[in-house]
Amino acid sequence: MDIGSLIAEASASGGSERANYQIFINGLCDALGVDRPQMRQETNALNNYVFERSLRYKEAGIIESTYFIDCYKRGCFVLEAKQSAERKSTAPHQTDMFGSEANTVRLGHAKRGTRGWDRVMRSAYLQAVEYTRRLPVEHGYPPFVVLVDVGHVIELYADFSGQGKNYAQFPDAQTYRISMDDLRKPEIQDRLRAVWTDPFSLDPTRKSAEVTRDIAGRLSIIAKRLERKHDAGDVAEFLMRCLFTMFAEDVGLLPKDIFVDLLADLVDRPATFPLALESLWRTMNEGGFEPHSMSNLKLFNGGLFAQPRALPLAPEDIHELLVAAKQDWQDVEPAIFGTLLERRWMLANAAASARTTRHGPMSSASLCPPSSSRCGKSGCTPRPMSKIACAIVTSLAHSIMSGNSIAICALCVYSIQHVARAIFSISHWS
């Protein structure tokens, strides 16, 4: 069955989850090109991809009951199906067509778009999550909970932690619900195909780790080459400016592809690389018209571009920056910023860092008060990474208190959660 036929047939169906959901799931599997559920075996331990997978467990620790998962695939999902109704009035002249059954209409679990429908779907979610907790221990928690309202929507919820404690809307609250018409979209088909065959490939942290690892490797190559000729602190600051520019470009703080296009032009003209970047960063620091992109730039007044020095790069290194800039920086782990800051601080303060001990005297230069110590002992001196984290917090706080709209916007786009994760991922005590 192709996707168009499935949508047409499912949308016209109604009234009975039990009669229709298996036909719908089989048709969806055919349309996606994945295997259909298998026939059930007498030995329940063999039922790893079936309809009506049985679970036996005690309620209130007393009565043992048997429940059935509508569709289950081990290591992939628990699927719970419903079928709601789009109530339609039948024209009087049509009643004769149906004879004695003209007034026999099954309306399903609830009318779509009502509070009753919301309650039904919420109940289905809670029921499916409960099933994940009742699966055999050796099965583990599946990464997905799938809700199907036959002929209407498919809802996806995911928990990639393996703990089953937070099945959240996937990929987000705006797009977790898939309508029948959405099934025509190739990206939706790819997503559902992955839910069936390789669910952990959809784990955003895996993608984030891969992108971050790739970028970090490229920047490391550039950094090592530059540090042969330049001060390590200058190298770290230069790369920080590059990273922030890439990030600002991808979250809309800069015109789309302004940095990518500039780097692409400079690969064949490496002699002009420092002048071109310094011109861009000077405009970002002051705000105003930027000639290469023919656009007006926002004012980035946080201090990062106050000294817009760009270091000369060989064509192959400019190409490495270009490849990094083409990545989606919304997928990059924010700790990469902290790693560069840490590198700069440690190189610039190597002598001071060598004298740092866990419970040594508090350095007057430290930004961390004694009360911030995780170990709780007064006078505990933080390791360099803790100072870096405090420097990030101080810088952000200073930018916000001084009314830096770009800093505030960056925080909103990147989200408080991501900033916090960046801070704590580079801040720890020995």
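Predicted model: local features only at pLDDT ≥ 70, side-chain atom pairs only at ≥ 80, totals over all residues.
**View 1. Packing of helix H7 against helix H10.** Two packed helices are described by the angle between their axes and the distance between the axes. For H7 (residues 232-250) and H10 (residues 315-325), the angle is about 35° and the axes lie 10 Å apart. The crossing of H7 past H10 is right-handed. On the H7 side, the contact involves Cys242, Met246 and Glu249, which meet Leu321, Ala324 and Ala325 of H10. Of the residues in this contact, five are nonpolar, one is charged and none is polar.

**View 2. Strand E5 and the burial of its two faces.** Strand E5 spans residues 153-158, and six of its six residues are buried. One side of E5 carries Val153, Glu155 and Tyr157, while Ile154, Leu156 and Ala158 lie on the other. Both faces of the strand are covered.

**View 3. Strands paired with E5.** Strand E4 (residues 144-149) runs antiparallel to E5 and is joined to it by six bridges. Within this pair, Val148 has Ile154 of E5 as its bridge partner. E4 and E5 form a hairpin with three residues between the strands, where Gly151 adopts a positive phi near 85°. E5 is also joined by three bridges to strand E7 (residues 177-179), in an antiparallel arrangement. Here Ile154 has Ile178 of E7 as its bridge partner. Two bridges link E5 to strand E6 (residues 168-169), again antiparallel. In this pairing, Gln169 of E6 is the bridge partner of Tyr157.

Methods. Residues numbered from 1 in each chain as written. Heavy atoms only, no water. Axes fitted to C-alpha atoms, helices over the stretch in contact; angles between N-to-C directions. Helix = DSSP H or I, 4+ residues; strand = E, 2+ residues; numbered from the N terminus. Left-handed = near helix turned anticlockwise from the far one by under 90°. Contact = heavy atoms within 4.5 Å. Nonpolar A, V, L, I, M, F, W, Y, C, P; charged D, E, K, R; others polar. Buried < 20%, exposed > 50% of the residue type's maximum accessible area, 1.4 Å probe, protein only. Pairing = 2+ DSSP bridges.
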